[in-house]
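Reader: I would like to learn how to read surface patches, salt bridges and helices in a model. Please take them in turn.

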Amino acid sequence: VKNFDITIRLLGGLLSGYQLSVDNRLLALAQDLGARLLPAFNSPTGMPYVEVNLKTGKVRNPRTNPAEVGTLLLEFGTLSRLTGNPVYYDKAKRAVVALYARQSPLGLVGSSINVETGVWSDSTSHIGGGIDSYYEYLLKAWLLFGDQDCKRMWEASARAVNEHLSEKVSGNFWYGQANMYTGARLSHHFEALAAFYPGTLALSGDLDRASRLQTSTFRMWTTFGIEPEMIDYRSMTIVDDGYELRPEIIESAYYLHHFTGDERYREMGRTFLRDLIACCRTDVGYAALSNVRTHTRRDSMESYFLAETLKYLYLLFASPGTVDLRNHVFNTEAHPLAKISRR
(Lines give C-alpha, C1' and ligand atoms only; values in the text may rest on other atoms or scores of the structure.)
Protein backbone atom coordinates (compact mmCIF):
# COMPACT_ATOMS: atom_id res chain seq x y z
CA VAL A 1 0.00 0.00 0.00
CA LYS A 2 0.99 3.65 -0.30
CA ASN A 3 2.13 4.77 3.13
CA PHE A 4 0.86 8.32 2.55
CA ASP A 5 -2.71 7.41 1.52
CA ILE A 6 -3.17 4.74 4.17
CA THR A 7 -1.88 7.11 6.86
CA ILE A 8 -4.06 10.12 6.08
CA ARG A 9 -7.19 8.14 5.24
CA LEU A 10 -7.21 5.00 7.39
CA LEU A 11 -4.86 5.71 10.29
CA GLY A 12 -6.20 9.26 10.59
CA GLY A 13 -9.76 7.98 10.43
CA LEU A 14 -9.20 5.34 13.11
CA LEU A 15 -7.54 7.83 15.46
CA SER A 16 -10.21 10.46 14.96
CA GLY A 17 -12.93 7.85 15.35
CA TYR A 18 -11.37 6.69 18.60
CA GLN A 19 -11.17 10.20 20.01
CA LEU A 20 -14.80 10.86 19.10
CA SER A 21 -16.16 7.53 20.37
CA VAL A 22 -13.60 6.35 22.96
CA ASP A 23 -14.05 2.89 21.44
CA ASN A 24 -10.86 1.03 22.34
CA ARG A 25 -11.26 -1.30 19.38
CA LEU A 26 -10.48 1.62 17.07
CA LEU A 27 -7.32 2.51 19.00
CA ALA A 28 -6.21 -1.12 18.85
CA LEU A 29 -6.69 -1.13 15.09
CA ALA A 30 -4.82 2.16 14.78
CA GLN A 31 -1.92 0.81 16.82
CA ASP A 32 -1.77 -2.36 14.72
CA LEU A 33 -1.85 -0.37 11.48
CA GLY A 34 0.74 2.12 12.71
CA ALA A 35 3.13 -0.68 13.62
CA ARG A 36 2.69 -2.24 10.18
CA LEU A 37 3.48 1.09 8.50
CA LEU A 38 6.69 1.74 10.49
CA PRO A 39 9.01 -0.23 8.17
CA ALA A 40 8.38 2.41 5.50
CA PHE A 41 10.74 4.69 7.43
CA ASN A 42 13.68 2.25 7.28
CA SER A 43 15.62 4.18 4.65
CA PRO A 44 19.16 5.59 4.93
CA THR A 45 17.76 9.13 5.30
CA GLY A 46 14.81 8.28 7.54
CA MET A 47 12.42 9.56 4.88
CA PRO A 48 9.78 6.92 4.11
CA TYR A 49 9.58 4.72 1.06
CA VAL A 50 6.41 5.23 -0.97
CA GLU A 51 5.05 1.72 -0.50
CA VAL A 52 5.11 -0.83 2.31
CA ASN A 53 3.70 -4.35 2.54
CA LEU A 54 1.47 -4.46 5.61
CA LYS A 55 1.99 -8.20 6.04
CA THR A 56 5.73 -8.59 5.45
CA GLY A 57 7.12 -5.09 6.07
CA LYS A 58 8.82 -5.11 2.67
CA VAL A 59 9.26 -1.64 1.16
CA ARG A 60 9.67 -0.32 -2.36
CA ASN A 61 9.84 2.83 -4.47
CA PRO A 62 12.44 5.26 -3.06
CA ARG A 63 11.41 8.13 -5.35
CA THR A 64 8.94 10.24 -3.43
CA ASN A 65 7.88 13.84 -2.89
CA PRO A 66 7.62 16.31 0.02
CA ALA A 67 3.92 15.67 0.58
CA GLU A 68 4.42 11.94 1.02
CA VAL A 69 7.35 12.52 3.37
CA GLY A 70 5.91 15.38 5.38
CA THR A 71 2.23 14.48 5.72
CA LEU A 72 2.51 11.84 8.42
CA LEU A 73 3.34 13.61 11.66
CA LEU A 74 -0.20 14.48 12.77
CA GLU A 75 -1.32 10.86 12.60
CA PHE A 76 1.84 9.18 13.88
CA GLY A 77 2.21 11.87 16.53
CA THR A 78 -1.35 11.39 17.74
CA LEU A 79 -0.76 7.64 17.90
CA SER A 80 2.28 8.25 20.10
CA ARG A 81 0.34 10.56 22.40
CA LEU A 82 -2.53 8.09 22.74
CA THR A 83 -0.36 5.01 23.32
CA GLY A 84 2.58 6.54 25.16
CA ASN A 85 4.96 5.00 22.62
CA PRO A 86 7.26 7.72 21.20
CA VAL A 87 8.48 5.68 18.23
CA TYR A 88 5.68 6.85 15.93
CA TYR A 89 6.25 10.55 16.58
CA ASP A 90 10.02 10.15 16.42
CA LYS A 91 10.00 8.36 13.04
CA ALA A 92 7.64 10.84 11.41
CA LYS A 93 9.42 13.84 12.91
CA ARG A 94 12.82 12.57 11.75
CA ALA A 95 11.44 12.29 8.20
CA VAL A 96 10.21 15.89 8.24
CA VAL A 97 13.49 17.21 9.60
CA ALA A 98 15.46 15.22 7.02
CA LEU A 99 13.40 16.72 4.21
CA TYR A 100 13.63 20.26 5.58
CA ALA A 101 17.41 19.90 5.89
CA ARG A 102 17.55 19.28 2.15
CA GLN A 103 15.73 22.44 1.12
CA SER A 104 17.59 24.82 -1.17
CA PRO A 105 19.48 27.90 0.04
CA LEU A 106 16.34 29.86 -0.94
CA GLY A 107 14.30 27.83 1.54
CA LEU A 108 12.35 25.95 -1.14
CA VAL A 109 11.78 22.25 -1.73
CA GLY A 110 11.47 20.47 -5.06
CA SER A 111 8.94 18.07 -6.50
CA SER A 112 10.76 14.74 -6.24
CA ILE A 113 13.45 13.30 -3.96
CA ASN A 114 15.12 9.92 -3.46
CA VAL A 115 14.80 8.65 0.13
CA GLU A 116 17.90 6.48 -0.17
CA THR A 117 20.29 9.14 -1.48
CA GLY A 118 18.54 12.32 -0.35
CA VAL A 119 19.09 13.77 -3.83
CA TRP A 120 16.42 15.85 -5.57
CA SER A 121 15.37 14.47 -8.96
CA ASP A 122 13.01 17.36 -9.78
CA SER A 123 13.88 20.89 -8.66
CA THR A 124 10.49 22.40 -9.52
CA SER A 125 9.03 24.19 -6.49
CA HIS A 126 5.35 25.05 -6.03
CA ILE A 127 2.49 24.63 -3.53
CA GLY A 128 0.46 22.14 -5.57
CA GLY A 129 0.12 18.37 -5.57
CA GLY A 130 3.17 16.50 -4.32
CA ILE A 131 4.29 19.37 -2.07
CA ASP A 132 1.05 20.92 -0.75
CA SER A 133 0.39 19.10 2.53
CA TYR A 134 4.07 19.20 3.55
CA TYR A 135 3.55 22.89 4.27
CA GLU A 136 0.15 22.24 5.81
CA TYR A 137 1.58 19.74 8.31
CA LEU A 138 4.49 21.95 9.37
CA LEU A 139 1.94 24.47 10.60
CA LYS A 140 -0.55 21.95 11.97
CA ALA A 141 2.07 19.93 13.87
CA TRP A 142 2.91 23.11 15.73
CA LEU A 143 -0.78 23.82 16.40
CA LEU A 144 -1.59 20.24 17.50
CA PHE A 145 1.54 19.32 19.44
CA GLY A 146 3.13 22.68 20.23
CA ASP A 147 6.23 21.50 18.35
CA GLN A 148 8.51 24.54 18.19
CA ASP A 149 10.74 22.96 15.53
CA CYS A 150 7.72 22.68 13.25
CA LYS A 151 6.78 26.29 14.02
CA ARG A 152 10.25 27.43 12.99
CA MET A 153 10.20 25.31 9.83
CA TRP A 154 6.73 26.57 8.90
CA GLU A 155 7.59 30.23 9.37
CA ALA A 156 10.80 29.95 7.35
CA SER A 157 9.08 27.97 4.61
CA ALA A 158 6.15 30.39 4.38
CA ARG A 159 8.55 33.31 3.98
CA ALA A 160 10.37 31.51 1.16
CA VAL A 161 7.15 30.56 -0.60
CA ASN A 162 5.83 34.11 -0.40
CA GLU A 163 9.09 35.58 -1.65
CA HIS A 164 9.79 33.24 -4.54
CA LEU A 165 6.47 31.71 -5.64
CA SER A 166 3.83 34.41 -5.18
CA GLU A 167 2.87 36.67 -8.04
CA LYS A 168 0.34 39.42 -8.77
CA VAL A 169 -1.26 39.25 -12.20
CA SER A 170 -4.01 41.60 -13.39
CA GLY A 171 -4.94 42.48 -9.83
CA ASN A 172 -5.10 38.85 -8.70
CA PHE A 173 -2.78 37.03 -6.31
CA TRP A 174 -1.36 33.60 -7.21
CA TYR A 175 1.45 31.15 -6.45
CA GLY A 176 3.30 29.71 -9.45
CA GLN A 177 6.22 27.39 -10.08
CA ALA A 178 9.90 28.23 -9.79
CA ASN A 179 13.30 26.55 -9.67
CA MET A 180 14.07 25.71 -6.04
CA TYR A 181 17.72 26.80 -6.38
CA THR A 182 17.48 29.97 -8.46
CA GLY A 183 13.91 31.15 -7.93
CA ALA A 184 13.53 31.48 -11.71
CA ARG A 185 9.86 31.33 -12.71
CA LEU A 186 9.11 28.08 -14.55
CA SER A 187 5.39 28.42 -15.16
CA HIS A 188 2.26 30.33 -14.20
CA HIS A 189 0.26 27.20 -13.49
CA PHE A 190 -2.05 26.90 -10.50
CA GLU A 191 -3.71 23.63 -9.47
CA ALA A 192 -7.03 22.94 -7.81
CA LEU A 193 -4.98 21.12 -5.16
CA ALA A 194 -3.15 24.36 -4.36
CA ALA A 195 -6.45 25.95 -3.31
CA PHE A 196 -5.78 24.52 0.18
CA TYR A 197 -3.28 27.31 0.80
CA PRO A 198 -5.70 30.13 1.68
CA GLY A 199 -6.99 27.96 4.52
CA THR A 200 -3.48 27.21 5.75
CA LEU A 201 -2.59 30.90 5.59
CA ALA A 202 -5.75 31.71 7.54
CA LEU A 203 -4.83 29.15 10.20
CA SER A 204 -1.41 30.79 10.48
CA GLY A 205 -2.98 34.23 11.01
CA ASP A 206 -2.08 35.65 7.58
CA LEU A 207 -5.63 36.64 6.69
CA ASP A 208 -4.55 39.23 4.12
CA ARG A 209 -2.80 36.79 1.79
CA ALA A 210 -5.42 34.15 2.56
CA SER A 211 -8.25 36.43 1.46
CA ARG A 212 -6.49 37.58 -1.69
CA LEU A 213 -5.62 34.06 -2.78
CA GLN A 214 -9.13 32.79 -2.06
CA THR A 215 -10.51 35.54 -4.28
CA SER A 216 -8.24 34.31 -7.07
CA THR A 217 -9.18 30.66 -6.63
CA PHE A 218 -12.87 31.59 -6.66
CA ARG A 219 -12.26 33.31 -9.98
CA MET A 220 -10.71 30.06 -11.20
CA TRP A 221 -13.96 28.31 -10.27
CA THR A 222 -16.43 30.83 -11.67
CA THR A 223 -14.57 31.48 -14.93
CA PHE A 224 -15.16 27.89 -16.01
CA GLY A 225 -18.37 27.05 -14.14
CA ILE A 226 -16.44 24.65 -11.90
CA GLU A 227 -12.72 24.51 -11.21
CA PRO A 228 -10.44 22.67 -13.65
CA GLU A 229 -7.51 20.68 -12.31
CA MET A 230 -5.01 23.28 -13.53
CA ILE A 231 -4.99 26.67 -15.22
CA ASP A 232 -2.46 29.17 -16.51
CA TYR A 233 -3.35 32.19 -14.42
CA ARG A 234 -1.65 34.70 -16.71
CA SER A 235 -3.86 33.82 -19.66
CA MET A 236 -6.72 32.33 -17.57
CA THR A 237 -6.75 29.28 -19.80
CA ILE A 238 -7.18 25.63 -18.88
CA VAL A 239 -4.10 23.41 -18.71
CA ASP A 240 -5.87 20.30 -17.33
CA ASP A 241 -9.63 20.24 -17.90
CA GLY A 242 -10.63 17.52 -15.44
CA TYR A 243 -12.37 18.02 -12.08
CA GLU A 244 -11.81 15.42 -9.34
CA LEU A 245 -14.45 16.57 -6.80
CA ARG A 246 -11.69 18.24 -4.83
CA PRO A 247 -12.35 19.86 -1.43
CA GLU A 248 -9.48 22.34 -1.13
CA ILE A 249 -11.23 25.53 -2.26
CA ILE A 250 -14.18 24.71 0.02
CA GLU A 251 -11.87 23.93 2.92
CA SER A 252 -10.28 27.36 2.55
CA ALA A 253 -13.69 29.06 2.44
CA TYR A 254 -14.55 27.30 5.72
CA TYR A 255 -11.40 28.52 7.49
CA LEU A 256 -11.77 32.06 6.20
CA HIS A 257 -15.39 32.24 7.28
CA HIS A 258 -14.47 30.80 10.67
CA PHE A 259 -11.78 33.40 11.32
CA THR A 260 -13.43 36.44 9.73
CA GLY A 261 -17.19 35.83 9.92
CA ASP A 262 -17.41 37.34 6.43
CA GLU A 263 -20.58 36.08 4.73
CA ARG A 264 -19.00 36.23 1.29
CA TYR A 265 -17.32 32.92 2.03
CA ARG A 266 -20.70 31.32 2.63
CA GLU A 267 -21.84 32.85 -0.66
CA MET A 268 -18.88 31.09 -2.26
CA GLY A 269 -20.10 27.89 -0.62
CA ARG A 270 -23.53 28.30 -2.16
CA THR A 271 -21.88 28.61 -5.55
CA PHE A 272 -19.79 25.50 -4.95
CA LEU A 273 -22.82 23.45 -3.88
CA ARG A 274 -25.02 24.67 -6.73
CA ASP A 275 -22.39 23.83 -9.33
CA LEU A 276 -21.59 20.44 -7.77
CA ILE A 277 -25.27 19.48 -7.95
CA ALA A 278 -25.67 20.79 -11.49
CA CYS A 279 -22.49 19.25 -12.92
CA CYS A 280 -21.68 16.18 -10.85
CA ARG A 281 -24.74 14.73 -9.14
CA THR A 282 -25.98 11.33 -10.31
CA ASP A 283 -28.56 8.87 -9.04
CA VAL A 284 -25.92 7.00 -7.01
CA GLY A 285 -23.37 9.64 -5.99
CA TYR A 286 -21.30 12.48 -7.40
CA ALA A 287 -19.13 11.94 -10.46
CA ALA A 288 -15.73 13.42 -11.19
CA LEU A 289 -15.55 15.23 -14.53
CA SER A 290 -13.18 14.39 -17.36
CA ASN A 291 -13.93 17.76 -18.97
CA VAL A 292 -15.22 20.88 -17.18
CA ARG A 293 -16.18 22.49 -20.49
CA THR A 294 -18.56 19.72 -21.55
CA HIS A 295 -19.34 18.42 -18.03
CA THR A 296 -18.47 14.92 -19.23
CA ARG A 297 -18.71 12.64 -16.21
CA ARG A 298 -16.38 9.85 -15.16
CA ASP A 299 -17.48 6.70 -13.36
CA SER A 300 -15.47 7.75 -10.30
CA MET A 301 -15.99 9.26 -6.85
CA GLU A 302 -12.97 9.32 -4.52
CA SER A 303 -13.54 8.69 -0.82
CA TYR A 304 -12.29 12.19 -0.01
CA PHE A 305 -15.49 13.61 -1.51
CA LEU A 306 -17.33 12.30 1.55
CA ALA A 307 -14.47 12.75 4.01
CA GLU A 308 -13.60 16.31 2.95
CA THR A 309 -15.64 18.01 0.24
CA LEU A 310 -19.06 17.46 1.81
CA LYS A 311 -17.72 17.78 5.35
CA TYR A 312 -16.24 21.22 4.72
CA LEU A 313 -19.41 22.31 2.93
CA TYR A 314 -21.39 21.23 6.00
CA LEU A 315 -19.03 22.97 8.40
CA LEU A 316 -19.10 26.17 6.33
CA PHE A 317 -22.83 26.49 7.06
CA ALA A 318 -22.88 24.87 10.52
CA SER A 319 -23.21 26.80 13.75
CA PRO A 320 -20.03 28.54 14.94
CA GLY A 321 -18.05 26.29 17.24
CA THR A 322 -19.31 23.02 15.75
CA VAL A 323 -15.63 22.09 15.73
CA ASP A 324 -13.45 23.92 18.26
CA LEU A 325 -10.35 24.83 16.25
CA ARG A 326 -8.58 25.89 19.45
CA ASN A 327 -8.51 22.27 20.57
CA HIS A 328 -8.75 20.33 17.31
CA VAL A 329 -6.75 20.17 14.10
CA PHE A 330 -8.01 18.57 10.91
CA ASN A 331 -5.60 16.24 9.20
CA THR A 332 -5.28 16.63 5.44
CA GLU A 333 -8.14 14.16 4.94
CA ALA A 334 -10.38 16.28 7.24
CA HIS A 335 -10.34 13.90 10.20
CA PRO A 336 -10.45 16.03 13.38
CA LEU A 337 -7.64 15.24 15.84
CA ALA A 338 -7.92 16.54 19.38
CA LYS A 339 -5.04 18.11 21.28
CA ILE A 340 -3.80 15.84 24.06
CA SER A 341 -1.06 16.33 26.61
CA ARG A 342 2.20 14.40 26.30
CA ARG A 343 2.31 11.21 28.36
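Author: A patch is built from residues with over 30% relative accessible area and no salt bridge, and nonpolar side chains are joined within 5 Å. Bear in mind that this is a predicted model.

Reader: Which residues make the nonpolar surface patch here?

Author: M301, L306 and L310 make a nonpolar surface patch of about 250 Å². Of these, L306 belongs to helix 12, residues 304-317.

Reader: Is L306 buried or exposed?

Author: The word exposed is used for over 50% relative accessible area. L306 has 53%, so L306 is exposed.

Reader: Next, salt bridges. What is the general idea?

Author: Side chains of opposite charge can pair when their charged atoms come close. The cut-off is a side-chain nitrogen of Lys or Arg within 4 Å of a carboxyl oxygen of Asp or Glu. By this rule there are 21 salt bridges in the model.

Reader: Which residue forms a salt bridge with R9?

Author: The partner is E302, and the closest N and O atoms of the pair are 3.5 Å apart. R9 is partly exposed at 26% relative accessibility, and E302 is partly exposed at 32%.

Reader: What about R246 and E229: how far apart are their closest N and O atoms?

Author: They are 3.0 Å apart, and the two residues form a salt bridge. The pair links distant parts of the chain, 17 residues apart: R246 is in the loop between strand 13 (237-240) and helix 10 (248-260), and E229 is in the loop between helix 9 (207-224) and strand 12 (230-232). Buried means under 20% relative accessible area. R246 has 14%, so R246 is buried; E229 has 12%, so E229 is buried too.

Reader: Which residue pairs with D262 in a salt bridge?

Author: D262 pairs with R264, with 3.2 Å between the closest N and O atoms. D262 is partly exposed at 32% relative accessibility, and R264 is partly exposed with a relative accessible area of 32%. Salt bridges can also share partners, and in this way R9, E302 and E333 are joined into one network.

Reader: What caps the N-terminal end of helix 7?

Author: D147 does: one of its side-chain oxygens lies 2.9 Å from the backbone nitrogen of D149.

Reader: Which residues of helix 7 are buried?

Author: Among them are C150, M153, W154, A158 and V161. E163 is also in helix 7, but E163 is exposed, at 61% relative accessibility. The C-alpha atoms of E163 and F317 are separated by 34 Å, with the two residues 154 residues apart along the chain.

Reader: Which residues of helix 9 are buried, and what follows the helix?

Author: The buried residues of helix 9 include A210, L213, M220, W221 and F224. G225 follows helix 9, and its phi is positive, near 85°.

Conventions. Residues are numbered from 1 along each chain as its sequence is written. This is a predicted model: local features need pLDDT of at least 70, side-chain atom pairs count only at pLDDT 80 or more; totals for chains, interfaces and linings use all residues. Side-chain values use heavy atoms; hydrogens and water are left out. Patches are made of residues with over 30% relative accessible area and no salt bridge: like charges are joined within 9 Å, nonpolar side chains (Val, Leu, Ile, Met, Phe, Trp, Tyr) within 5 Å. Accessible areas come from the Shrake-Rupley method with a 1.4 Å probe; for residues, only the protein chains shown count as cover. Helices (H or I, at least four residues) and strands (E, at least two) are DSSP runs, numbered from the N terminus. Buried means under 20% relative accessible area, exposed over 50%, partly exposed in between (1.4 Å probe, protein chains only). A polar contact is a pair of N or O atoms within 3.5 Å; within protein, one must be able to donate a hydrogen and the other to accept it, and residues adjacent in sequence count only if both atoms are side-chain atoms.
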